[in-house]
Amino acid sequence: MMNSSSHPLHLCHLKKSNLIINRLYILFHSIALILLFSFRISSILTLFHSKNQPFIPHLLIFISELTLSFIWILSQSFLWRPVTRTVFPERLPGDDQLPPIDVFICTADPRAEPPLGVMNTVISAMALNYPAEKLSVYLSDDGGCPVTLEAMREALKFAKMWVPFCNKYGVKTICPEAYFSGREVDDEVMVDSYEFGAEQHRIKEEYESFARKVTKISESETCISNKDHSAVVEVMVEERTHDQVKMPLLVYVSREKRTSHPHHFKDGALNALLRVSNLLSNSPYILGLDCDMYCNDKNSARQAMCFHLDPNLSPSLAFVQFPQTFHNASKHDIYESTLRCTFKELKQCFGTSNEFIRSLYKKYNAKLDGEKDLFDESLQETKHLASCEYEDGTKWGNEVGFRYFSVAEDFFTSIIIHCRHWFSVYHIPSRPSFMGSCTTNLNDLLIQGTRWSAGLVEVGLSRFCPLIYGASRMPILQSFCYAWLALFPTCFISLWILATIPSLSLLNEITVYPKVTNPFFLVFLYVFVLSNLQHIREIHSTGASLHEWKHEQRVWMMKAITSHLYGSTHAIMEKLGVKEANFLPTNKVINEDEVKLHQMGIYNFQTSRMFLVPLCSLVTLNVLAFVVGIFRMVFHKEFIDEIFTQTFLSFYIVLMGYPVLEGMMLRKDKGRIAPTVSCYSLIFSVFILSFGKLLVTY
C-alpha cells in the first residue's frame, strides 16, 4: 500500500491567508460587540433610573443583540482553521486489497420521490469505479410500495447494459438520466469513435425504454406509501455477470411497519438496513445516499478510501463527508439551496438473532453466490431483522445504530460518534461527487426548514446539548460547531424583535439607537458593514456572485420568521409532551411551472398561510414605518439625527422583503400571494400595531 510519507494517499493544506483574515475579523468584530454591549447596558441603566423613555423596547433589542452575538460567536468556530484536502486515488492498493462497501439508499414515499429518480440513484451507485464483487447496493423502501420493487427489477435489467458501457468507455457521468440529458459533459469518452457512437445510441434507446416502463408503472393506483405492511427483502443475484462484467449485489429492503408500532422515521429504516446488510454482505464501510442524490463521480468511493486506508487516520476515522451539490439549482438560487462481552449481553444490545450476532464477528461475505443453502437461510433471517418488533427490548436506536432521539438523525448520531472520540473528514473534490435535487419552491423550503429546526433545537434543549454534553467529550471548537447547528434556529427571537420593535418604536416616536452624531453610532455601523463584508467575502471565495448575498439574507430572514419559529416551538412542545415528532419527505416531483419560476429567479408563494401571513405582516409593518420615517425626516429635519438608524433598518427589511411586496401587489401569475392572504396579513399587522403600542410605550 503506497501510504508512506513520500507517497501519501491524501494531503491537508492550511489556508493561511484565510486564517489570518478570519481571525482579524473575529478580533475586531468582538471588540465592536463589547463596545455595543457597553452602550446598551449604560443606556438601559440610565433609562431604568430616569424613566425618560419606555424601558421595554431597549431591553428587548438588547436581548436580540445578545442572541445574535452568541450565535455569531459559535459560528466563528467554522472559520478558525480553514483547510483544503487533496486525495490521490491512484496510490490506492490493488482491487483485491480494497475493502468492501455497502451503499444505503432510502426512499419513503413514491409520490414525493418519483421511482425513476430513485432508480437513477441506484444505477449510478452500481456503476461506481469499484470492484463489483466488493460493492453491494441496498434500497430501503419505507413506503412498502410494490411499484418501487418492480422499478428496481427493471433498473437491474438496464444496469446490466449501463455498467459495462460506463466501464468500457470510461464514462464519467454514471447517472444515466444526467448523462443523456447533457447535464454533465464527459471529456474522456471516445466521442469520435464509430463504435462508441453506435453503442451510445443503443444504450440511450434502452434507457428511454426503461424510463417509459418505470414512468408507466409509477402512474398506477398502487403507487402509494403503505404505512402497514410486512417485511420484504429481495436479493437480486441472478446472472450477476453480463458480457463477462461482474455486477454489484442489489438488494431491496422494505422493513415491516405497523400503525401501532413506532417506526422512528429514516433512522429506523437505516438501522433495518444495518441489520440486513450485516447478514448478506457485512461490509466494513457504508456509503449513505439520499434517494435523489446520484453518484456524479465514479471515483468518489476511492476518494473516501484515501482517508480510510491511511493508517494514521483509520483507527479513529468514523466517516468521510462530501458536500451537498445540486443539479437543479438555479443560477439565481433564490431559495439558498446551494450529517465485547459475552454472547447474552450482545443479545441485549443487538437483539435475538443468532445469525446477526455471528455476523458481527465475520468479515465480508465474499462467497454469497456459492453458498446457496447458507444464503437462503440468511435471506429468511433478514425478514426477522426487518420486522417492526425486532428492536423491542434492545439497545437499537439508543446505543446501537442510528439514534432515535431526534428527527435530525444524522446530526445527533454524528454528535454521539464524535463524543466517543472518533473524528471525521470533510472533503471537497473538484468534481462534485454526488448531485441531489434542491427545493424549487418556497413551500418545500419552509417545510424542510421547519423539520430541520425542530430536530436541531430538540437536541440543543436536551442533555445532549453540545455545549454541555460535548464540552468534555470533544474539542471545544467542535462543540461550538455542533452548538451553532443546534441553536441557530433560536435566532427567530432576534429577528422577530428586530422586525417589530424598532419600527413600532419609530411609529411611536421612541428612539432605540444612538444618534448619528453619537460616537456609538459608528460602532453599530461598523458591526453592520463588517459582518456583511465578511459574508460577501465568504461568498466570493466559493466562486458565487454578489447576488448570492442578497438571496441568502432573504432566505435567512424568511426561515427565521417562519420555519425557525415553528420548528423551535414544535421542539419545545415535544419536550413538554404536548406534541409528537413527525417527518415529511421533501417533494422531489418535478413541476414545470415551479421549475420555470425557479430558473427565472421568481419566488413561488404557493404555500400555507401559516408561512405567508407573518412574512407579509412584518413587511407591511416596516413599509409603514419607513414611509413615516421618511416623512418625518423630510418635514422635520431636526429628527434626522435621532431616527435615521431606525428608518434605515425598516428600509433594509423592506428591501430584503421586496419579493413579498411584489407578490402581494404587482404579480398576477399563479405563484403570487393570494388576495385573501394579503387581507389576513393586514389584520395581523393591525394587531401588531395595537399590541406593540402597549408594549413599546410601557
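This is a predicted model: local features need pLDDT of at least 70, side-chain atom pairs count only at pLDDT 80 or more; totals for chains, interfaces and linings use all residues.
Me: Where is Gln-76 found, and which residues does it touch?

Reply: Gln-76 is found in the loop between helix H2 (56-75) and strand S2 (83-87), where helices (H or I, at least four residues) and strands (E, at least two) are DSSP runs numbered from the N terminus. Leaving aside residues up to four places away in sequence, Gln-76 touches Tyr-25 and Ile-26, contact meaning heavy atoms within 4.5 Å.

Me: What makes the approach of the side chains of Gln-76 and Ser-75 a polar contact?

Reply: The side chains of Gln-76 and Ser-75 are joined at 3.0 Å, and a polar contact is a pair of N or O atoms within 3.5 Å, of which, within protein, one must be able to donate a hydrogen and the other to accept it, while residues adjacent in sequence count only if both atoms are side-chain atoms.

Me: How do you know whether Cys-295 is bonded to the closest cysteine sulfur?

Reply: The closest cysteine sulfur to that of Cys-295 belongs to Cys-175 and is 8.8 Å away, whereas a disulfide is a pair of cysteine sulfur atoms within 2.5 Å, so the distance is too far for a bond. A search of the whole structure finds 0 disulfides. Cys-295 is buried, with a relative accessible area of 0%, whereas Cys-12, at 42%, counts as partly exposed.

Me: What makes the rings of Phe-165 and Tyr-179 an edge-to-face pair?

Reply: The structure holds 40 aromatic pairs. In the pair of Phe-165 and Tyr-179 the ring centres are 6.2 Å apart and the planes stand at 75 degrees; rings of Phe, Tyr and Trp (its six-membered ring) pair if their centres lie within 6.5 Å, and planes under 30 degrees apart count as stacked, over 60 as edge-to-face and the rest as tilted, so this pair is edge-to-face. Because Phe-165 lies in helix H4 (residues 146-169) and Tyr-179 in helix H5 (residues 176-181), the pair ties together parts that are 14 residues apart in sequence. Both Phe-165 and Tyr-179 are buried, and they belong to one aromatic cluster that also includes Phe-158, Trp-162 and Phe-210.

Me: How do you know that the charged end of Arg-23 sits over the ring of Trp-80?

Reply: The charged end of Arg-23 is 4.0 Å from the centre of the ring of Trp-80, and a charge sits over a ring if NZ of Lys or CZ of Arg is within 6 Å of the ring centre and within 35 degrees of the ring normal. Arg-632 likewise lies over the face of Phe-639, at 4.8 Å from the ring centre.

Me: Why does Gly-401 count as partly exposed, and where is it found?

Reply: Gly-401 counts as partly exposed because its relative accessibility is 24%, and it is found in the loop between helix H11 (372-385) and helix H12 (409-419). Gly-401 touches Asn-271, Leu-274 and Trp-396, not counting residues up to four places away in sequence.

Me: What is said of the phi of His-264?

Reply: His-264 has a positive phi of about 60 degrees although it is not a glycine, and it lies in the loop between strand S8 (249-254) and helix H7 (265-280). With a relative accessible area of 29%, His-264 is partly exposed.

Note on methods:
Residues are numbered from 1 along each chain as its sequence is written. Side-chain values use heavy atoms; hydrogens and water are left out. Buried means under 20% relative accessible area, exposed over 50%, partly exposed in between (1.4 Å probe, protein chains only).
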